[in-house]
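Hello,

Here is the structure I promised to pass on to you. Have a look at it first, and then read my notes below.

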Amino acid sequence: PARPLADLPFGAGRHRCIGEQFANVQLGTIIATLVRENEWTLDQKFPGNDYTVRPPPRPSSPALRGSRP
């Protein structure tokens, strides 16, 4: 872009938009209202927890082993 910060919606630095904090509060309010006022469901069943213990994978390359001289 011709101006380095032209693509930022609220600008930056000393000339930053004074409404940025208000807009962030409004977004939080809108999201909270959407979550509270609607019923949310998943299309698929949520997978259960898998607590099995597995050994860590071994590096396949000598360069990745991290050996010290």
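**Salt bridges**

Arg16 and Glu20 join their side chains in a salt bridge, 3.0 Å from N to O; the term stands for a side-chain nitrogen of Lys or Arg within 4 Å of a carboxyl oxygen of Asp or Glu. Please keep in mind that this is a predicted model, in which local features need pLDDT of at least 70 and side-chain atom pairs count only at pLDDT 80 or more, while totals for chains, interfaces and linings use all residues. Residues are numbered from 1 along each chain as its sequence is written, and side-chain values use heavy atoms, with hydrogens and water left out.

Arg16 is partly exposed at 43% relative accessibility, and Glu20 is partly exposed too, at 21%. For these classes, buried means under 20% relative accessible area, exposed over 50%, and partly exposed in between, with a 1.4 Å probe and protein chains only.

The structure holds three salt bridges. Another one pairs Arg36 with Glu37, whose closest N and O atoms are 3.6 Å apart; Arg36 and Glu37 are both exposed. Arg54 and Asp50 also meet through their side chains, at 2.8 Å from N to O. Here Arg54 is exposed, with a relative accessible area of 60%, whereas Asp50 is partly exposed at 47%.

**Around Phe10**

Phe10 lies in the segment before α1 and is partly exposed, with a relative accessible area of 28%. Which residues does Phe10 contact, leaving aside its neighbours within four places in sequence? They are Arg16, Cys17, Gly19, Glu20 and Ala23, where contact means heavy atoms within 4.5 Å. So both partners of the Arg16–Glu20 salt bridge are on that list. Phe10 and Glu20 are 10 residues apart along the chain, and their C-alpha atoms are separated by 6.3 Å.

**Helix and surface**

The protein has one helix and zero strands; these are DSSP runs numbered from the N terminus, helices being H or I with at least four residues and strands E with at least two. Helix α1 covers residues 20–37 and includes Ile31, which is exposed at 52% relative accessible area.

Ile31 also belongs to a nonpolar surface patch of about 630 Å², made with Leu27, Ile30, Leu34, Val35 and Trp40. Patches take residues with over 30% relative accessible area and no salt bridge, joining like charges within 9 Å and nonpolar side chains (Val, Leu, Ile, Met, Phe, Trp, Tyr) within 5 Å.

Of the 69 residues, 0% count as buried. The protein exposes about 7,500 Å², with 58% of it supplied by carbon and sulfur atoms; accessible areas come from the Shrake-Rupley method with a 1.4 Å probe, and for residues only the protein chains shown count as cover.

Best wishes
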